[in-house]
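Open the model in your viewer and keep the selection tool at hand. This tour says what to pick next and what is there.

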Amino acid sequence: MEKNVLFILVSRIFRSLPLGYMAFLVPLYLHYLGFSPSMIGVYFLVATLSISLYLVLGGFLGDAFGKRNILVLFSLLFSVNFAIFAFSYNPYLLFITALLGVGVGSGGGVGGGAGGGPFNPLQTSLIAQFTLKEELTKVYSYNFAASTISAFAGSLIADYVSRIVTPYHILFLLGLLFSLISVVFTFLIDRDQGTGKIRIPKNSYSSISKISIAGSLGSLGLGMIMPLIPLWFKLYFHATELQISYLYSASYALVGISFIFAARIEKILGRVNAIVIMRGLSSIILILMAFSPYFFIVEILFLLRSIMYTVTIPMRQSLSMDVFSETERATGVSITGLARRLPYGAGSLVSGILLGLGLFLSALFLGGLISILDPILYYIFFRKIQ
């Protein structure tokens, strides 16, 4: 593996370790401090809006002034977020973690791939820069597999800590340590040459628009479900933090293994067909969860949905790199990321309100139904590209 790709991979591994438990820990921690479900929804909305801003800034600035340089900056902000969680109980300071918007508490969880968020445009385009075109899906698969397995290891750490102490601040301190190690490996990546100026993408306009439209509808549906689903487990099924931690641990382990088969699935079904089939099934599973009366059934469906959705991420990224101009890749990924994040934030706000009213099952059903539009539009837009 090319050394720069290896440094990108290792930096993401250490960034993903704490995200293995932050996905479920943040909503539970805010609830522990007395935040209402609707205020937790507002927190995730603010976090999502901030992440959206960083997504756009990261892509445009990365193409203009070097993707590695901006990745270093975001990695440092990531560490600042953990420092706030680790050393403060002040609710106003905690809301700063949402404003910093670099992944902590964004509610992405398994659904978005650990360690992604505003880092994603920079990582994705840097990997494409250092990798042969025919190897892209495979390298993206390895990247996601390593980061997801790392998130699994992080969730195991959370399991262990939860057995001996109140877990929150110990885990936040560990997250700070892991994030600082990630910064070191990010510094080792070779500097890339930017264009020297910020430009609106013209060559990739059509492809960016199509991916943005499909992704925005899918993310609206997922935003109504994923950010507060750990709290739904706790309030509706009386699941403990340890049970939820086990569930997320299992999901990360299974997803990490499934990534290894992404390139093979793509070869058998075709890239676009695989995206359509797997994401369509994942949306149907979300709808089924709304009708499940028992927690063990919901757990099984949650795990299946995690595999079906996330295994398509390397394929989607490879497709994006094919249809975006080489000098507009980071910008293109940032714009499509923004198109997913804004509806996701709106969905999280709706989710918090519905959960507060005792109507989270409605969010599950409607969110799953809306998310089906994502694979349908991918088929309409890209069915001729395999």
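Select H1 and H11: H1 passes H11 in a right-handed crossing. (A crossing is left-handed if the near helix is turned anticlockwise from the far one by less than a right angle, and right-handed if clockwise.) From H1, show Leu-19, Gly-20, Ala-23, Phe-24 and Leu-28; from H11, show Glu-241, Ile-244, Ser-245, Tyr-248 and Tyr-252. These residues make the contact, which means heavy atoms within 4.5 Å. The contact of H1 with H11 divides into seven nonpolar residues, two polar and one charged. Here Ala, Val, Leu, Ile, Met, Phe, Trp, Tyr, Cys and Pro count as nonpolar, Asp, Glu, Lys and Arg as charged, and the others, Gly among them, as polar. The two axes come within 10 Å and cross at roughly 145 degrees. Axes are lines fitted to C-alpha atoms, for helices over the stretch in contact, with angles from 0 to 180 degrees between N-to-C directions.

The model is predicted: local features need pLDDT of at least 70, side-chain atom pairs count only at pLDDT 80 or more, and totals for chains, interfaces and linings use all residues. Residues are numbered from 1 along each chain as its sequence is written, and side-chain values use heavy atoms, with hydrogens and water left out.

H11 covers residues 241–259, 19 residues in all. Helices (H or I, at least four residues) are DSSP runs, numbered from the N terminus. From first C-alpha to last, H11 reaches 27 Å, close to the 27 Å expected at 1.5 Å a residue. The expected span is 1.5 Å times one less than the number of residues. Which residues of H11 are buried? Among them are Ile-244, Leu-247, Tyr-248, Tyr-252, Val-255 and Phe-259. Buried means under 20% relative accessible area, exposed over 50%, partly exposed in between (1.4 Å probe, protein chains only).

Step back to His-238, in the loop between helix H10 (229–237) and H11. His-238 has a positive phi of about 55 degrees although it is not a glycine. Most residues other than glycine have a negative phi. At 65% relative accessibility, His-238 counts as exposed.

Next, the salt bridges. Each is a side-chain nitrogen of Lys or Arg within 4 Å of a carboxyl oxygen of Asp or Glu. How many are there by this rule? The count comes to six.

- Select Asp-190 and Lys-3: their side chains meet in a salt bridge at 3.1 Å, N to O. Asp-190 lies in the loop between helix H8 (168–187) and helix H9 (205–223) and Lys-3 in helix H1 (residues 3–32), so the pair ties together parts 187 residues apart in sequence. Asp-190 is partly exposed at 35% relative accessibility, and Lys-3 is partly exposed at 43%.
- Select Asp-322 and Arg-271: the closest N and O atoms of this salt bridge are 2.8 Å apart. The pair links helix H15 (residues 313–323) to helix H13 (residues 271–289), 51 residues apart. Asp-322 is partly exposed at 31%, whereas Arg-271 is buried at 7%.
- Select Asp-63 and Lys-67: the closest N and O atoms of this salt bridge are 3.9 Å apart. Both residues are buried.

Last stop: Ile-372, in the loop between helix H17 (360–371) and helix H18 (373–382). Ile-372 is partly exposed at 21% relative accessibility. Not counting residues up to four places away in sequence, Ile-372 touches Ser-283, Ile-284 and Ile-287.

Definitions and conventions:
Helices (H or I, at least four residues) and strands (E, at least two) are DSSP runs, numbered from the N terminus.
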